[in-house]
Amino acid sequence: MKKKECKYGLLKAVLVMLVLAFVLSWIIPSGAYSSSGFSELGVLRLGIHDIATSIYYGISIGLDKIVLLLVIGVFYAVLTRTQAYERIVSGIARKLNKKVAVVMFSVILAVLTSVLTQTFVVLIFVPFIISILNRMKLDKMTILATTFGSILVGIMGATYGTDGVNALNIYLGYNMEYPNVMPALLVRAGILAIGLVLFNFFTIAHMSKADKNAESIDLFEVEVEEEVAQKRKNMVPIIVIGVLLFVLAILGFMNWRANFGVEVFKDFHDYVTNDIVIEGASESADDFFVFRDLLGIQVEALGQWDIFMITSILLIFTVIIAVCYRIKANEFFDCAKRGIKKFLVPSLCIVGAYALMIIVYHPSYAQTSYIATIVNRLLTLTDGFNIATMTLSSLLLNIFHTDLGFTGFVFGNIQMYGNFLITEYADYINPVYTMLTSLYGFVQFFIPTSIILGVGLVSLKVNYKEWLKYIWRFLVSMFICLLIIFILMSII
């Protein structure tokens, strides 16, 4: 029973959130913001038909992330059929000090999450880190905190990264290239640093007190027969592919052009897709655009990749690993089955999180939401900008939003309706922007519909209640720090 509770306890909490959101649609009127203010649109109740449509849209929106997660499972299931992977993981584990490893991996994951445009890309490296920490005999709560917890720190301290921040910029009409964004950007970098210091302080404190016999855990155990192991000891293919994945993650998901004005990747992309061509042998034969036809016409330049691109690359690398280590077709499909099975239940967390967001915005799935009505009631409790009401509004919005971009969408799409925040709080836009961004990451540490948290808890079989008992001290400390930062930004 206890094992089932660890496995499904979080999903029960997700279901409660879905039911709550559904019921609220019958009680609270929907509303919409524009540059001219707030408009109440009346109660838009959800019915039986909307249950299925919410699940459908939840799957469709989160499908790219689900597919990447499943492919990650296949990739590591194939890796663990080689002795080479075990040699790499064990070798690194033997050379690292436990505390140094925890802090080092935490910083790497948090910084990558903070600067890359797609948070889910970072998950590619998480099973590898978990395997190392497992070989170091760390308890599973420390492993969870160091990996998935550190990614949440990176979301809270988002700087140039995450697709949600980019969407928030678009909806608010707020661009990284504007000089007045720099103060907010530097503050968010400071939030990342403070979050890392506090988070690792509590992680190390827990690790020092943890029972030495506490349960450790690994996502993918090495499974290879002794006679086969001798043939799969060469570490070079795995090291090369691992390094390539890391480099491609940084090059492909760091928005070089928008954030740093780097045009070389866009120019290179235009050259290889448009200028490298083999002309048709006759007038009736089409020209062969080498890279465009091989890679696909929708492939973007480095720095503008989407999840589909890295998923395809990871799948190709998986096949290359299988070929290099002579993994037969039947064995490969068995690995694929095992890897996909690992992440099937965690995928339900993704569906549930996006279904919640659809319920909040349904039936129009546009610029209407009863959450906007609640936020309007909070913001109008005081005249003008107020730290308390804006903080409460940001917390509430982000609890119901899987995607930070929708938090900005609530206040109006500046390209279509104008934006309420830009109009109403022009003198306080930096603190407002920082609140929306950092508090989005903050609530991901404890809400059941946090995708990263959900995948971590379910994959590592950590009870949701146990996680809350572990994380509450950090949350209290971090919230105090955030409030001080918000106040200082408002008065300086």
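Where is the place of Ala214? Ala214 sits in the loop between helix 8 (182–209) and helix 9 (226–229), helices and strands being DSSP runs numbered from the N terminus (H or I, at least four residues, for helices; E, at least two, for strands). The model is predicted, and local features need pLDDT of at least 70, side-chain atom pairs count only at pLDDT 80 or more, and totals for chains, interfaces and linings use all residues. Residues are numbered from 1 along each chain as its sequence is written, and side-chain values use heavy atoms, with hydrogens and water left out.

With a relative accessible area of 29%, Ala214 is partly exposed; buried means under 20% relative accessible area, exposed over 50%, and partly exposed in between (1.4 Å probe, protein chains only). The C-alpha atom of Ala214 is separated by 7.9 Å from that of Lys140, a residue 74 places away along the chain.

The structure holds six of them, a salt bridge being a side-chain nitrogen of Lys or Arg within 4 Å of a carboxyl oxygen of Asp or Glu. In one, the side chains of Asp218 and Arg135 meet at 2.8 Å, N to O.

Glu86, like Arg135, is buried. Another salt bridge is formed by Glu263 and Arg257, whose closest N and O atoms are 3.1 Å apart. Here Glu263 is partly exposed, at 34% relative accessibility, and Arg257 is partly exposed as well, with a relative accessible area of 36%. Through shared partners, salt bridges join Glu86, Arg135 and Asp218 into one network.

Helix 15 (residues 329–342) shows how burial is arranged around a helix axis. Its 14 residues reach 20 Å from the first C-alpha to the last, close to the 20 Å expected at 1.5 Å a residue; the expected span is 1.5 Å times one less than the number of residues. Buried in helix 15 are Glu331, Phe332, Cys335, Ala336, Arg338 and Gly339. Seen down the axis, these buried residues fall within an arc of 170 degrees, so they line one face of helix 15; the arc is that of the directions from the helix axis to the C-beta atoms. An α-helix has 3.6 residues a turn, so residues three or four places apart point the same way. On the other side of helix 15, Asn330, Phe333, Asp334, Lys337 and Lys341 are exposed. The cover over the buried residues includes helix 2 (48–79) and helix 14 (307–324).

Thr113, in helix 4 (residues 98–115), is buried at 0% relative accessibility. Leaving aside residues up to four places away in sequence, Thr113 touches Thr119, Val122, Ile151, Gly154, Ile155 and Thr162, where contact means heavy atoms within 4.5 Å.

Trp472, by contrast, is partly exposed, with a relative accessible area of 45%, and is found in helix 23 (residues 464–491).
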